[in-house]
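Let's take a walk through this structure together. Keep the model open and follow along as we go.

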Amino acid sequence: MGEIMKLRVSLIIVFLFGLALFQGGCVKEPVVLSGEGLHLKYSCDTLTFDTVFTTMGTATANLKVYNPYDEPVRIATITLDGGYASRFRLNVDGDTSMRVSSTVVEPHDSLFIFVQANINPNSSLTPFLVEDAIAFHIDGASSVDRVVLTAYGRNACYHLPDHVIHDQYGNAYPYSIINCREWDHTRPHVIMGYAVVDEDSLLVLNAGEELYFGSQAVLWVYDGGTLRVEGSGEQPVLFSSVRHDGHYDYLPGQWGYIWLSTGSRDNVVDYAVVENATIGLLCDTMAGTNPTLAVTNSVVRNMSMAGIVGQGSWIEGDNLLVYNCQTATLALQYGGRYRFGTSTFSNYWPYGARKSPSIVLNNYYTYGQTIYARPLTEVSFSNCIVAGNYSEGELLFDAIPEAAFNLSFDHCLLAADSAVVAAAARVAGNIYGKRRRPLFVDTAADNYHLLPDSPARAAGTTQGRRTAADLDGVTWDATPSMGAYEYVDTSLLNQRKYYRQCSTISPASWPKSIQPTQWSTATGLATRLKLR
């Protein structure tokens, strides 16, 4: 009897297994559309990458493929026309093969394809075009859908860290030493980590040169070193982020800063654009009988902390436009000596509410519980505009009586109340008020020229002015305007945009939901590190 039961159980198992196989074999393939005239929809007909430095991969771009039909559509193959020689690579729903086969897109559904570009170096000194196309072979259709891929490649000189130094807290700083005598003036330079202008070295940057920085990268002018930037109105020297596709073209906080550390001397920056960093210019304790930094005819913009920072330093600046800095456009701390003329400091930060004034001054520093007085021997502003959208006003004076705090404003427009301005030792011809507006043409479009009814128009002085023309090269009037720009009829204006040719979007279209990167600075690092 037991044997009969075992036999029955075995027969049942065999029957069920066979039934399962039979039912599985009867599953029908999904019905898909096929035939001539079938075309899917694509999020773009040309996928364009911004400038790509050779040997460096791009950020990933995405392409959306949409099925507009009520039935599934099968894509027989998805390939690159260039095949294995293509400088582009695809990821089709996780499949990174060079040839992706039999991909079904369900009715009114989408397929996402991710694309990267990596371009080989060549001998070209100018951007060169690299093209390919994604080919979509749809079942039953003799025609092929294509989406064009384009990128502009650029050869560059790379500064990659080959040393590491540690501070007293164990933090590591990877760096390389710049060979200033053999600096290539014909190609852009890409900096990773800390690139150091060593002691007794002079780095000269000529008109039109471009330096691009990776995440947290720093140009470090070391004790005894000197940086001399010699741009021109038509060809400023550019300091920018490596990445500038889409909103990254204007995103603050993508790299570190230009660091003129303690002991660096006679640094000169003339006609430069410094953008998209944490701090634009970080200038430490003065050395020698000349200014640590003389900066003129330059634009500093889009900083996740500050535009210009002086720390017990000596800075002289004229014809400057400093704007869109999260914490401050100008921070002069630990005393020092500073003079600024015909400059605009504007802070209409587009990434949320600001929490501090645009200009901050102090004459001391603290270490532990001890306060050390550091005299602010001079800080003067002449023909300047200080403006922004901070509700409490754009000036902060953080002073102690134990040290000098010699401050003057001469013919300036100041977004600050009378009590704050009255704290200055010398005041003449100023226009002020906590909510005072200079009436720029369009801050959202980076246009800081003056409107016809601006209170800063023809309100400046020629006394002590050191420049014959404004930031656009327009000659100052006999009664000049305040700020970096003389008033002119804006309909006749040929404004120097100071934009890269590869810029793709207007600042007015910044995505406010995307927040800039911010990381702590190396304040005081020069006193803790030695290269040898």
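This is a predicted model: local features need pLDDT of at least 70, side-chain atom pairs count only at pLDDT 80 or more; totals for chains, interfaces and linings use all residues.

Residues are numbered from 1 along each chain as its sequence is written, and side-chain values use heavy atoms, with hydrogens and water left out.

So how does the confidence look? pLDDT is the predictor's confidence in each residue, from 0 to 100. The protein averages 86, and 86% of the residues score at least 70.

Now for the inside. A nonpolar core here is a set of buried Ala, Val, Leu, Ile, Met, Phe, Trp, Tyr and Cys residues joined through side-chain atoms within 4.5 Å. Buried means under 20% relative accessible area, exposed over 50%, and partly exposed in between, using a 1.4 Å probe and protein chains only. The largest core has 57 residues, and Leu219, Phe239, Phe340 and Phe381 have the most contacts inside it. Strand E25 (residues 306-325) gives the most to this core, with 5 residues; helices (H or I, at least four residues) and strands (E, at least two) are DSSP runs, numbered from the N terminus. Zoom in on Phe239: not counting residues up to four places away in sequence, its contacts include Leu205, Phe213, Trp255 and Ile258. A second, separate core of 32 residues includes Val115, Phe136, Ala141 and Ala151.

Next, find Phe440, in strand E38 (residues 440-442). Is Phe440 buried or exposed? Phe440 counts as buried because its relative accessibility is 8%. Leaving aside neighbours within four places in sequence, its contacts include Thr344, Tyr348, Ala387 and Leu450. Phe440 and Ala387 are 53 residues apart along the chain, with their C-alpha atoms separated by 9.9 Å.

Last stop is strand E4 (residues 73-80), which is mostly covered, with 7 of its 8 residues buried. Two strands pair if DSSP finds at least two bridges between them. E4 pairs with strand E6 (residues 99-105) in the antiparallel sense over 6 bridges, and Thr77 stands opposite Ser101 in E6. E4 also pairs with strand E8 (residues 128-138), again antiparallel, over 5 bridges; there, Ile75 stands opposite Ile138.

Note on methods. Contact means heavy atoms within 4.5 Å.
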